Amino acid sequence: MLVGDDIGESTEGTKVEVTLGDIDLDQPTAVLSQLNVWLNDEGQGVERGVQLRKRKRIIPMWKIVEASEVVQKNLPKTTGLWTLDPMKAIPHDDMVKLLKLCSEWRHNPNLVMQFGNVEAEIEFFASLVKADGWLKGDHIDLGLYLIRKRQQQLEEVEISDWTTTDVFFMNHIHTCFADNKRKKEQVGWKIRTSLVNVVNGKVSACGLDWQNTYKVYVPCMLQKYKHWVALEIDLIQCEIKVYDSMVSLIPDQSLKEELGPLSITIPNLLHTLDFYEEGVYANECTQDWWCPWPIHRVDVPQQANQGDCGMFVLKYIELLSAEISLATCTSQNMPFFRLKLPAEIARGDAYMP
């Protein structure tokens, strides 16, 4: 238990007094409750009473690194993603660091902290810790980057079972589909460099060349319903699996219609790049990959409120990529995951197994 005041150095290099009070660090819900008070209650009140500066000072916290820059962790050979414990307790030091950081925002809502490529204001963490707070693309992209970075830290990855895209991948897919939708054959499809770079592993950071993976996990915002789902592009089965935390929201036919551009664009994209002519895929594909890929929904744990879909997507991808059961991905555990993610973002690393 942490009792009383704590004196530490702020992100701006000045001394700041943080009154943490009687916060039991062994109770994540207690920490989450305090963060909500600071960021979503009192913090908003402070923000209304502060004259926002026209030019905000951006404080860098950590930078994005590429796979070639990642330093591998010195861990036992028996340690791998398969040993990951999704419910492993958050270290006290990390919770104290998170509390201090959010307390600074409470006292100065003008602060802008840069985590990787994301310039985060007070609302960034406020929506993370709120019970039904909506996760935006920046939240999901940072979470997935830390997952990919951990993959590189655990081992020297050459051929892996998986990689992920970022949220902009689906924008690239829709643009490509719009460019080529009048074409009835694969020949002559125009593929933009931005999409080629994703497949080649140049985007996103710490990603892998698809030639060296078997599955690609994609965060997808279903625009018509304003709902996040996780997609798994299976490069062997040549199909698209959908992990949806609220299946009652979208009828199957509507889901397939919204994902139709992906179903059609993926085979044409891979055909243009001669994807199945080399690498680990030569003679490996089990279906007629040049046809539109079938879309299947997978039976997964469901959310109990309106705002958790983004967090479910992150947990689906994290657990599936580690080949771990989705049993812990429940609404009951979302408060813990809503505390764990900002703790990982604050430290710049996902927790190791």
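At 64% relative accessibility, glutamate 323 counts as exposed, where exposed means over 50% relative accessible area, buried under 20% and partly exposed in between (1.4 Å probe, protein chains only). Glutamate 323 sits in the loop between H9 and H10, and its phi is positive, about 60°, although it is not a glycine. Helices here (H or I, at least four residues) and strands (E, at least two) are DSSP runs, numbered from the N terminus.

Aspartate 274 also has a positive phi, near 50°, in a residue other than glycine. Its place is in the loop between helix H8 (260–272) and strand S10 (295–298). With 44% relative accessibility, aspartate 274 counts as partly exposed.

## About the model

This is a predicted model, in which local features need pLDDT of at least 70 and side-chain atom pairs count only at pLDDT 80 or more, while totals for chains, interfaces and linings use all residues. Residues are numbered from 1 along each chain as its sequence is written, and side-chain values use heavy atoms, with hydrogens and water left out.

The chain has ten helices and ten strands. Of its 353 residues, 53% are buried. If we take contact to mean heavy atoms within 4.5 Å, then among contacts between residues at least 6 apart in sequence, 71% join residues at least 24 apart.

## Helices H9 and H10

Two packed helices are described by the angle between their axes and the distance between the axes. Here, the axes are lines fitted to C-alpha atoms, for helices over the stretch in contact, and angles run from 0 to 180 degrees between N-to-C directions. Helix H9 (residues 309–321) and helix H10 (residues 334–347) pack at about 80°, with their axes 11 Å apart. H9 and H10 are therefore roughly perpendicular to each other; angles of 65 to 115 degrees count as such, under 35 as roughly parallel, over 145 as roughly antiparallel and the rest as oblique. From H9, the contact is made by Met311, Phe312, Leu314 and Lys315, and from H10 by Met334, Phe337, Arg338 and Leu341. These residues divide into six nonpolar, no polar and two charged, with Ala, Val, Leu, Ile, Met, Phe, Trp, Tyr, Cys and Pro counted as nonpolar, Asp, Glu, Lys and Arg as charged, and the others, Gly among them, as polar.

H9 is mostly covered, with 13 of its 13 residues buried. The 13 residues of H9 should span 18 Å at 1.5 Å a residue, and its end C-alpha atoms are 18 Å apart, which agrees; the expected span is 1.5 Å times one less than the number of residues.

## The S3-S4-S5 sheet

Three strands form an open sheet in the order S3-S4-S5, with mixed pairing; two strands pair if DSSP finds at least two bridges between them. Strand S3 (58–62) and strand S5 (118–120) are at the edges with a single partner strand each, so one side of each has no neighbour in the sheet. On average, neighbouring strands of this sheet are turned by 30° against each other, direction ignored.

Strand S4 (residues 112–115) pairs with S5 in the antiparallel sense over three bridges, and methionine 113 has alanine 120 in S5 as its bridge partner. Helix H2 (residues 92–107) packs on the sheet and touches S3, S4 and S5, its direction making about 145° with that of S4. Helix H4 (residues 137–154) lies across S3, S4 and S5 too, running at about 30° to S3.

Strand S7 (residues 215–222) and S8 pair in the antiparallel sense over eight bridges, with methionine 221 partnered by tryptophan 228 in S8. The two form a hairpin with four residues between them, and lysine 226 in the turn has a positive phi of about 50°. Five bridges join S8 to strand S9 (residues 239–243), and this pair runs antiparallel. S8 and S9 likewise form a hairpin with four residues between them, where cysteine 238 in the turn has a positive phi of about 55°.

Strand S8 (residues 227–234) is mostly covered, with eight of its eight residues buried. His227, Val229, Leu231 and Ile233 point one way from S8, while Trp228, Ala230, Glu232 and Asp234 point the other way.

## Threonine 165 and serine 204

Threonine 165 is found in the loop between strand S6 (162–164) and helix H5 (169–180), and counts as buried at 1% relative accessibility. Leaving aside neighbours within four places in sequence, its contacts include Leu144, Arg148, Ser204 and Trp210.

Serine 204 lies in the loop between helix H6 (193–199) and S7. A cis peptide bond joins valine 203 and serine 204, with omega about 10°.
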